[in-house]
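Here is a short briefing for a first look. Please keep the sequence and the 3D view open as you read.

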Amino acid sequence: MSDESTPRPVPRVRMRNIVKSFGAVQSLRGVSLEVAPGEVLGLVGDNGAGKSTVSKVLSGAVVPDGGTIEIDGQAVHFDQPGDARRHHIEMVYQDLSLCDTIDVAGNLFLGREPTKRVLGVNVLDHRKMHREARQMLQGLGIRIPDTHVDVEHLSGGQRQAIAISRAISFGPKVLIMDEPTAALAVAEVEAVLELVRVISASGVSVILISHRLQDLFLVCDRISVMYEGKNVADRNIGETNLEEVVELIVGHKFSARSARALAEH
Ligand SMILES: Nc1ncnc2c1ncn2[C@@H]1O[C@H](COP(=O)(O)OP(=O)(O)OP(=O)(O)O)[C@@H](O)[C@H]1O
Ligand SMILES: [Mg+2]
């Protein structure tokens, strides 16, 4: 039972009134977004609606012109991705940012490879790195036959799984994924969605950007719709359906167009 005296749980992420322009383009016109611990939020909207920009603001890759961000109730200010990482926010980009010519384990540990002392010198501890890589992938239910394979030889789905595993290895509280299933085959999509289920069940908040609305209905708790740099609707997954979400995405487009057309006549 909740009444006014029951304090609402503090959201993991609370973004309020975020604005951002690139030159003359107003990409974000006052976006507000909340995600609870362990919640999966689907972020949808037409091309150019501002989904990637708002997620880059949260991951520290884009500095907003205005608005506030709170993590677990604490006001934060991110100037670069390292700042967001310190607050346990990780983002998996669509371009994946893996190194093709480095093997699976090397990609998972890129920049923080385990070392050992040999004759007073620090050297890469290959065995430890591959052992930990295997454990990491196994723990997430990811099947990669050999951690010694260069990632250029992996399938799209396997590469996506490696990129997500790398992000998870930083121990995020918030994981943002921008179109993680856009280029994947059906079975690979299912594997990524299963990964989302596993991660969120462990308490990580997930923000999932996707044009594949059917995927969102399989894993999201809530869907937030953006249009031209603003939030236009927010729905719990159990209280909406595919048709309504499509309508919310394109309906605004057509109503805005007809309003403009009417204004011009
Ligand atoms: N670095 C940038 N410089 C100039 N304009 C930008 C930049 N980043 C984004 N924009 C513009 O901001 C708007 C929002 O872009 P954004 O990439 O956030 O959209 P999106 O919702 O992710 O779209 P999509 O579904 O196509 O990925 C677009 O008009 C885009 O051209
Ligand atoms: Mg985008």
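In strand β10, V206 is the bridge partner of V40. The model is predicted.

**The pairing around β3**

- β3 covers residues 40–45, and β10 covers residues 205–209.
- These two strands run parallel and are joined by four bridges.
- L43 also has a place in this pairing, standing opposite I209 in β10.
- β3 pairs with β11 (residues 222–227) as well, again in the parallel sense.
- Five bridges link β3 and β11.
- One of the β11 residues, I223, is the bridge partner of G42.

**The whole sheet**

- How many strands form the open sheet, and in what order? There are six, in the order β6-β9-β10-β3-β11-β12.
- The pairing in this sheet is mixed.
- β6 (89–92) and β12 (230–236) stand at the edges.
- Each edge strand has a single partner, so one side of each is left without a neighbour in the sheet.
- From one strand to the next, the twist averages 20°.

**How β3 is enclosed**

- Is β3 buried or exposed? Six of its six residues are buried, so the strand is largely enclosed by the rest of the structure.
- Both of its faces are covered.
- V40, G42 and V44 are buried on one side.
- L41, L43 and G45 are buried on the other.
- Helix α6 (residues 186–201) lies across β3, β9 (174–178) and β10.
- α6 runs at about 150° to β10.

**Around ligand 1**

- Which residues surround ligand 1? They are F22, V25, S27, G45, N47, G48, A49, G50, K51, S52 and T53.
- By type, this shell divides into three nonpolar, seven polar and one charged residue.
- β2 (25–35) and α1 (51–58) each supply at least two residues of the shell.
- The largest share, three residues, comes from α1.

**Helix α1**

- α1 is mostly covered, with eight of its eight residues buried.
- Those buried residues are K51, S52, T53, V54, S55, K56, V57 and L58.
- Just after α1 comes G60, with a positive phi of about 85°.

**Helix α5**

- α5 takes in residues 156–169.
- At 1.5 Å a residue, its 14 residues should span 20 Å. The end C-alpha atoms are 20 Å apart, which agrees.
- Eleven of the 14 residues are buried, so α5 is mostly covered.
- The buried residues are G157, Q158, R159, Q160, A161, I162, A163, I164, S165, A167 and I168.
- What covers the buried residues of α5? The cover includes β6, α3 (104–108), α4 (126–139), β9 and α6.
- β6 and β9 also belong to the sheet, and α6 also lies across β3, β9 and β10.
- Just after α5, G171 has a positive phi of about 65°.

- D72 is not a glycine, yet its phi is positive, at about 50°.
- D72 sits in the loop between β4 (66–71) and β5 (74–76).
- D72 has 15 C-beta neighbours inside 10 Å and so counts as partly exposed.
- L119, another residue other than glycine, has a positive phi near 50°.
- L119 is placed in the loop between β7 (115–118) and β8 (121–124).
- Where D72 counts as partly exposed, L119 counts as exposed, because it has 5 C-beta neighbours inside 10 Å.

- H211 is found in the loop between β10 and α7 (213–219).
- H211 counts as partly exposed, with 15 C-beta neighbours inside 10 Å.
- H211 and A36 are 175 residues apart along the chain.
- The C-alpha atoms of H211 and A36 are separated by 22 Å.

How values were computed:
Residues numbered from 1 in each chain as written. Chains lettered and ligands numbered in written order. Predicted model: local features only at pLDDT ≥ 70, side-chain atom pairs only at ≥ 80, totals over all residues. Near = placed C-beta within 6 Å. Nonpolar A, V, L, I, M, F, W, Y, C, P; charged D, E, K, R; others polar. Pairing = 2+ DSSP bridges. Axes fitted to C-alpha atoms, helices over the stretch in contact; angles between N-to-C directions. Contact = placed C-beta atoms within 7 Å. Buried ≥ 20, exposed ≤ 12 C-beta atoms within 10 Å, placed from the backbone. Expected span 1.5 Å × (residues − 1).
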